[in-house]
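Look at the structure first, then read on.

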Amino acid sequence: VSSSGCSDACPFCVVHECLPGRKRAKYYPKPLEMYEQELEMLSDDWIMDAADSFGGDKGHTREILAINKNSGKNFVTELRLEQLYDNGSWELLYQMVDAGFEVFYVAIEDLFHKFTAKQMSIEIIEEAEKRCRDLGKILIGSNMLDGSPDATIESVRRGFDWMETKAIDQQFSLTAALDGSITKKNAKRHGTLIDINEEHTDGAWPTMSHSNLSPKERI
């Protein structure tokens, strides 16, 4: 792992609960010497860099990419689409490809309703997918089907149709009421928590009520 934490503070996230001080919107770059030593210990050709937000510090990221490239390994990681976009230059994407990255996991969340700072326009998502495909790399997008209070069964289906047409690899989930998250605290406060079974917080079950989507529709 090249870093821990995330510069965002999405209300449904609990990454901060595992970090020193439990501070939200905090990014912790790993010391380069430690990262290089850990990478040398791994014999696998493929490495999943489980950073919650790869590339959160540009200077640190340049050093990490140099280490990765020197290792000759293949990498997979999660990062913000905004970082790949890089103000329209896509510079980071090409730097990461040069350093051995094969798979990029980004948050799409909802194509039609914005509810997190991570979300980008459909046009940028399409451009990212095209550039990755042209480079022979894989872009995977995560979608939170009931994340927006404005989501409807029609908008969800429209999103599915769009993704099938564009042939973009996707991971779908529902909003989970995770312990320690602002989302769960708000659900308790407003009486919208409908499932307290901790085994149902894997993103596959409706844990909170939704004004437009019934539990049955979401399942």
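## Terms and basis

A cavity is a set of points, on a 1 Å grid over the protein atoms alone, where a 1.4 Å probe fits but cannot get out. A pocket is an open set with protein on both sides within 12 Å along at least five of seven lines. Lining residues have an atom within 4 Å of a point. Grid points are joined across faces, edges and corners, and a volume is the space filled by probe spheres set on the points.

The model is predicted: local features need pLDDT of at least 70, side-chain atom pairs count only at pLDDT 80 or more, and totals for chains, interfaces and linings use all residues. Residues are numbered from 1 along each chain as its sequence is written, and side-chain values use heavy atoms, with hydrogens and water left out.

## Cavities

There are two cavities of 30 Å³ or more. The largest cavity holds about 110 Å³ of space. Its lining has 14 residues, and those closest to the centre are Asp-110, Leu-145, Ser-155, Val-156 and Gly-159. Two or more lining residues come from each of β6 (138-144) and α6 (153-166). Here helices (H or I, at least four residues) and strands (E, at least two) are DSSP runs, numbered from the N terminus. Helix α6 gives the most, with five residues. By class, the lining of the largest cavity has nine nonpolar, three polar and two charged residues. Ala, Val, Leu, Ile, Met, Phe, Trp, Tyr, Cys and Pro count as nonpolar; Asp, Glu, Lys and Arg count as charged; the others, Gly among them, count as polar.

The second largest cavity has a volume of about 50 Å³. Its lining consists of Asp-52, Ser-53, Glu-78, Leu-79, Arg-80, Val-106, Ala-107 and Lys-118. Four of these residues are charged, three nonpolar and one polar.

## Pockets

The largest pocket has a volume of about 670 Å³. It is lined by 34 residues; Phe-12, Cys-13, Glu-78, Lys-118 and Met-144 are the closest to its centre. Glu-78 and Lys-118 also line the second largest cavity. Strands β5 (101-109), β6 and β7 (169-173) each supply at least two lining residues. The largest share, four residues, is from β5. The lining of the largest pocket divides into 16 nonpolar, nine polar and nine charged residues.

The second largest pocket contains about 400 Å³ of space. Of its 19 lining residues, Asp-146, Gly-147, Thr-175, Thr-183 and Met-208 are the closest to the centre. Helix α7 (residues 182-190) supplies the largest share, four residues. The classes here are 10 polar, seven nonpolar and two charged.

## Aromatic rings and charges

The model has six aromatic pairs, where rings of Phe, Tyr and Trp (its six-membered ring) pair if their centres lie within 6.5 Å. Phe-54, Phe-75, Phe-101 and Phe-104 are linked into a cluster by ring pairs.

A charge sits over a ring if NZ of Lys or CZ of Arg is within 6 Å of the ring centre and within 35 degrees of the ring normal. Arg-158 lies over the face of Phe-112, at 3.9 Å from the ring centre. Lys-26 lies over the face of Tyr-28, at 6.0 Å from the ring centre.

## Two buried residues

Leu-81 is in helix α3 (residues 81-85). Leu-81 is buried, at 1% relative accessible area. Buried means under 20%, exposed over 50% and partly exposed in between (1.4 Å probe, protein chains only). Leu-81 touches Val-106, Met-120, Ile-124, Ile-125 and Ala-128, leaving aside residues up to four places away in sequence. Contact means heavy atoms within 4.5 Å. Leu-81 and Leu-139 are 58 residues apart in sequence, and their C-alpha atoms are 9.9 Å apart.

Asp-8 sits in the loop between β1 (3-5) and β2 (27-29). Asp-8 is also buried, with 12% relative accessibility. Beyond residues up to four places away in sequence, Asp-8 touches Ala-25, Arg-80, Ala-117 and Lys-118.

## Positive phi

Arg-22 is not a glycine, yet has a positive phi of about 50°. The loop between β1 and β2 holds Arg-22. Arg-22 is exposed, with a relative accessible area of 53%.

Asp-86 has a positive phi near 50° and is likewise a residue other than glycine. Asp-86 lies in the loop between α3 and α4 (91-98). At 17% relative accessibility, Asp-86 is buried.

Notes
Rings of Phe, Tyr and Trp (its six-membered ring) pair if their centres lie within 6.5 Å; planes under 30 degrees apart count as stacked, over 60 as edge-to-face and the rest as tilted.
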